[in-house]
Amino acid sequence: MVWDFVDGGADGEIAVSGNRAALDEVLFSPKFLVDVSDRDQSTTVFGEPVRTPLILSPSGLATVVHPDGEVAVARAAADAGVIFGVSTASGYTMEEIADASSGRLWFQLYLWKSESVVQSLIARARTAGYEALIVTVDVPVVGKRERDLRNGMSLPVRVRPGTALDASRRLPWLWRMLNGPEITFASLTDIAPGDDASSIGEYASRELTDPTRTWDDLAMIRRGWDGPLLVKGVMNPADAKSAVAHGADGIIVSNHGGRQISSVAGVAAVLPSIVDAVGDRAEVFLDGGVRRGEDIVKARALGARAACGGRLWFWPLAAGGEAAVRRALSILEADVDRTLALIGTKRYDDVDDDVLY
């Protein structure tokens with residue numbers, strides 16, 4: 001059931017496979033017998049340097065796969081020189097994650113029904129030193145994730161009759177779940193009524209989504225946030241233009257990892273049109289299907305400032321905690337370096353659509 005929670009998507013999961021397929025269709029046109037020594041994959045994001053052009057996307061409840069959760073990821077990301085986007089639904093509080101990190105942190109915000117909740121989370125992110133705010137706009141209602149419905153995935157995580165055999169075969173995970181920190185929306189424990197995980201889950205289901213929200217709400221957030229402001233969940237040029245018009249500094253082109261609606265295009269397929277619509281008025285990021293360093297370079301060639309990924313850190317966290325996340329980020333860094341050499345380009349910042357067929 002935990003595998004399905006991480007791997008699964010909405011309805012028929014067309015968008016999950018579509019994200020990967022869209023990136024697979026992007027092909028390089030390599031050039032050789034050029035000097036590709038002294039390669040440099042560093043770039044800038046909102047004017048500040050990053051060693052590797054990758055943002056770890058906000059993904060909630062990391063403690064469901066490992067008790068160290070987002071704290072482990074924050075430490076690994078800082079040492080790897082990548083940005084970590086922290087979810088509203090993190091298993092540790094935003095303050096605990098900030099205390100564990102010496103790197104760049106962004107905070108992801110949903111447009112809750114309660115304006116006081118929104119403003120409280122923004123104030124806490126500011127106090128904790130988060131650099132940027134990611135407003136996620138593609139959840140007017142929660143998508144139908146059929147695997148979770150079939151497994152009875154809930155908060156708190158419970159082993160039910162239909163999953164008892166499955167859980168009994170994963171004794172290390174079961175031991176960690178029983179002896180580790182409570183699996184809950186940690187940043188919301190002072191906001192949700194009650195003091196147990198089930199009440200928080202019910203609160204999130206009731207209050208997380210607000211179908212009445214409009215672009216005016218983004219403008220209001222813009223007036224109260226001095227740092228970079230990003231909009232996540234953009235999949236068409238009109239929304240990208242609206243986001244910029246209402247104060248966004250960054251656009252994360254994303255279909256929520258295929259977890260909200262199934263029958264939408266892969267992110268890489270729509271990214272160029274959004275880059276064209278935005279121009280130089282905002283930085284654009286690709287988020288969907290990224291698994292390898294090649295994908296990060298492809299994102300740049302399609303016009304993105306950098307690439308983002310959630311499952312690419314969730315899986316190694318599940319497999320081996322902080323050490324595995326560090327290893328995964330090291331592999332990605334080496335992949336980007338190798339890809340630059342093999343397409344005949346020294347610098348990541350010099351990659352454009354000339355490197356593509």
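User: How many bridges join strand β7 to strand β8?

Analyst: First, this is a predicted model, so local features need pLDDT of at least 70 and side-chain atom pairs count only at pLDDT 80 or more, while totals for chains, interfaces and linings use all residues. Residues are numbered from 1 along each chain as its sequence is written, and side-chain values use heavy atoms, with hydrogens and water left out. Strands (E, at least two residues) and helices (H or I, at least four) are DSSP runs numbered from the N terminus, and two strands pair if DSSP finds at least two bridges between them. β7 covers residues 229-234 and β8 covers 250-254, they run parallel, and the number of bridges is 4.

User: Which residue in β8 stands opposite K232?

Analyst: β7 (residues 229-234) and β8 (residues 250-254) run parallel. Looking across at β8 from K232, you land on I252.

User: In what order do the strands close into a barrel?

Analyst: There are 8 strands in the barrel, and the pairing is parallel. The twist from one strand to the next averages 25 degrees; angles run from 0 to 180 degrees between N-to-C directions, with axes fitted to C-alpha atoms, for helices over the stretch in contact.

User: At roughly what angle do the axes of α11 and α12 cross?

Analyst: P237, A240, K241 and V244 in α11 meet S273, I274, A277 and V278 in α12, where contact means heavy atoms within 4.5 Å. The axes of α11 (residues 237-245) and α12 come within 9 Å, and they cross at roughly 35 degrees.

User: Is α13 parallel or oblique to α14?

Analyst: The axes of α13 (residues 293-301) and α14 (residues 311-343) come within 7 Å and cross at roughly 60 degrees. Under 35 degrees counts as roughly parallel, over 145 as roughly antiparallel, 65 to 115 as roughly perpendicular, and the rest as oblique. That makes α13, relative to α14, oblique.

User: How far apart in sequence are the parts that E13 and R147 tie together?

Analyst: E13 forms a salt bridge with R147, the closest N and O atoms being 2.9 Å apart; the term means a side-chain nitrogen of Lys or Arg within 4 Å of a carboxyl oxygen of Asp or Glu. E13 lies in the loop between α1 and α2 and R147 in helix α6, so the separation of the parts they tie together is 134 residues.
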